[in-house]
Amino acid sequence: MEHWDRQNELELDGEWDFYPEQLIAPNPDEDVFDRYKTQRQSIPVPAAWNRYKSEKAAPYGTGTYRLLIHVPEDDLYGVKLNTIRNANRVFINGQELGSAGVPSQRAEEYRFDYKKYVVLGNSKNKQIELVILVANYDYAVGGIVSSIDFGLADQILTKQGRVKFTEAFLISGYLLFSFIYFTAYLQHKRRFRYELYFSLFCLAQALHISTINERWIYLLFPELGPSSQLVIQAISLTLFVLFFLLFVYHFFNRTASRRIVAALSAMLGIQALAVFTLSMTIDLMVNVSFTLIQLIVSGTTAIGYVYIFIMLLKAYRQKTDESNYVLIVVYTFGLYGILLLIVLLFEVDIEIPSFLLFLIMVMSLALLLSHRSQQAYNKVEEMSNELLEFDRMKDEFLVKTSHELGTPLHGIMNLSQSLLEGVEGPLKRKQQESAILIHSVSRRLAGLVKDLSFISKIKRGEVSFTAKPIDIRMVEEVLAEIAYVMPPSPSVQIINKIPANLPLVYTDEQKLKQVFFNLIYNAFKFTKQGTIAISARILEEEAHISVEDTGPGIAAEHHDLIFTTFYQVDSSRARESEGLGLGLSITKKIVESAGGRIWVTSEIGKGSCFTFTVPLATNEQLMGHKEISNFVANEQAATAQGLDRELKLSQPALSTRVEGSKPYTLLVVDDEPANLKALINMLHSLHYSVIAVGSGQEALDIIESEQVDLLVLDLMMPHMTGYEVCQTIRQKLDLVDLPIIILTAAGQLSDLVISFQLGANDYLQKPVNLKELEMRIESLLLMKKSAHDAVEHELSYFYAQITPHFLYNTLNSIIALSWSDQEKTQTALEHLSTYFRGKLDYQKQRSLVPLEEEIQLVKAYLAIEQMRFEERLRIEYNIDETIHTFIPALTLQPLVENAVRHGITKRNDGGTLRLTIEREQQQIRITIEDDGIGIPPEKQQELLRGRNERLGFTNPFRKLALVKGTRFQLNSEMGKGTTIIIHMHEIKDN
């Protein structure tokens, strides 16, 4: 080496002096090797010493390697020792500079270690004596089996640095792959198990590399010994084959036998577990032959390796778009296996190239995974585009469906309205009720169609928001609405926890009401007992408003989905209330359109809390709103002063009355004088008579005392709301008797639904359009007239039946009298003329007659009968003369006739008939009592059920049944007489 230019390091390959079975430690002061001249041999390096040691070619024992190196000049030189089996000490110029393990002549003192390391030493007289003492008692190959590198110190250190960097790069790459694909496995919600196995495979390979060559694992665990290092190597090698096997099986799931994979996995798993368990209890390398361990681990991993190669070949033969990637993996995997076999059989040091080859294979697999992920992403993107297109088509479908549904619905509403107005002729009462039901149901369906249309408009950005500063405490109005929608529940308490000092928010008032209504209404439906709390707080310039209930709660997997259109939780909670699943979706879109957010926190069995945010009103928004409010207030004040002066001139109180030319009287109720005056003017311009009052109680008093044909009612009033007024009226008067039009400024669907549920006939939003109001009023009045015409037609049928029967009996009485007493006959004819006057007057114009006329007819009839029966018929009257009401014509007379003809006159001594008419609380009580022969019980049931042909009973009963609120009582006992009691409301006008 005297001609070495020292530019590059050298490998000390060639013939070395070798002293078998000797461990000769050199001395810098003397040449100790002279004593062993007879034992000196030449041995090639690198090579196993087996055939150079003895005739038996055993790999076990000791030996000393010696090499004299002549260098061009003296300097600091380095030696990099690689694989030496299996313990060594290194000397340069007689100085010991490094060791691996403990080489010893005695096996019990021997400690193996085959680490790779670098020693540095100075040359002396341009010469370096390199001596290496080697011992091996446990490996199948002994001696220096890898080349030893020599060069200047910095060259050797640089080479060592390159090797360390390469290994660090490999370890980092595998760890990075492991982290990336484990994260991907978690992100994909653990659906793709091959990502997990690929991650574990990379982790096992990183661990394996860290235990060989430069042994990076010692940086983290310096206390690890050689035995532990070998155990980790065996386990990591087994695991990386195991995980790679599982990865290939799950990734190419059509290319392997499940049973074979399961068997190989079990074998490799048991092997790794056995090595780990034994290493924890005993020193595995001391108690078990190293060669046996190596043979077992190599054999099992080789079997798995071969089957992996077979699976890869089968996958390549599938000829898919992944085949190119699979081909690279197959080649690199095969070459890597060949290199491992060469290393194992020939102890050739080619680990770095093999690792790089393996890294290429892993990168190819990573590219294959990325390719598949890209395919999945492209497919997801394609499906997302399709879903977006389907969503757009769904929106178009909803718009078209809403329009197409709206057209026939409006047709149904108009046709049912025409029936109610009597356009096709008068309806009977049951027909009238069915038409009202059809009309009400069609309007509710129209509300659902409106919801569908509203969803589509929000998505298209066509819903306008009129934002202004709002006080959140307006939720009280929503709570008042919900109190009428839902039946009272004493087990559920609604608590308003919103503080009184909260700043104003900036949003659309009606939209905020709709959000409150949807959330509170939803909570109320699903909360069977407990509380519903509404609270608010300020966080980061936003109001956080919460609606919390103690209902059944919502599972976590549904928290995001419940805000999507048409989504309903498939559970008992959802089935408790049917619907389209639009409420929360509309709520979310309203909140987000106003710049807020909404979310839910819930736990099964503990209730739910819906929270949404609303931006606070800024100072500029507050100032702008204040200026507008001041201007409007001044205008309203001026208008109100003028209206006050007008009202004071006509009447000092809020109530007022205006006469019109049309024969209908309309009652208007509103607590705002300006609104009341405007309605009076509008209705008076339509030529109706108008009564205007300022409160709900005044309206109820007017209805009790005067005839009102239609009620126009404001929704929100102090003390007594429009809901309460409507509910109270419907307890006495139905939809036909007194039509009601509700007026409100809100115009939201919840108001409409509540109004119809409480018995309103129609609904208008302020400001009221005169033409629309005119059409609604005319329609309802026509409906009322049609219903009354239907009643009159039914009454006409009954009158046509009763007339011949009554005339026959009366004329027989008069004929009988004409033979005996002409004066009485004349009186009887006068009574008969009274009957004819009443009958002819009815046929011309009336179905209801004053009670006085009916009593006059009864008295005329009884006077005629008294002339016939004389003392056998006794009459008693007890009539309250202050009662003035109307009654269906020919109602009492047939009942009285029946009592006389079939009760009293059937007794030989006759009897007494008593007619009593008196007030009983808010009703009129009419009693017809006789002491005749009575009616058998079975006949009583036939009469009350209308199954008897006795017209004197059935016709009056049927006529009175057409009058709302009328009740009958029939009490009779054989031999003691009969009592008929009629309860009815006082009717002010016919």
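Student: At roughly what angle do the axes of helix H13 and helix H15 cross?

Tutor: The model is predicted: local features need pLDDT of at least 70 and side-chain atom pairs pLDDT 80 or more, while totals for chains, interfaces and linings use all residues. Residues are numbered from 1 along each chain as its sequence is written, and side-chain values use heavy atoms, without hydrogens and water. Helices (H or I, at least four residues) and strands (E, at least two) are DSSP runs numbered from the N terminus; axes are lines fitted to C-alpha atoms, for helices over the stretch in contact, with angles from 0 to 180 degrees between N-to-C directions. The axes of H13 (residues 509-526) and H15 (residues 583-593) come within 10 Å, and their crossing angle is roughly 145°.

Student: Of the residues in the contact of H13 with H15, how many are nonpolar?

Tutor: Contact means heavy atoms within 4.5 Å; H13 contributes residues including Lys511, Val515 and Leu519, and H15 residues including Leu584, Ile586 and Ile590. Nonpolar covers Ala, Val, Leu, Ile, Met, Phe, Trp, Tyr, Cys and Pro; Asp, Glu, Lys and Arg are charged, and the others, Gly among them, are polar. Five residues of this contact are polar and one is charged, and the nonpolar ones number six.

Student: Which residue of E12 is the bridge partner of Tyr77?

Tutor: Two strands pair if DSSP finds at least two bridges between them. Strand E12 (residues 149-152) pairs with E1 (residues 10-11) in the antiparallel sense over two bridges, where Glu11 stands opposite Asp149. E12 also pairs with E5 (residues 76-81), again antiparallel, over four bridges. In E12, the partner of Tyr77 is Leu152.

Student: What percentage of the residues of the protein chain count as buried?

Tutor: The chain holds 26 helices and 32 strands. Buried means under 20% relative accessible area, exposed over 50%, and partly exposed in between (1.4 Å probe, protein chains only). Of the 990 residues, the buried share is 49%.
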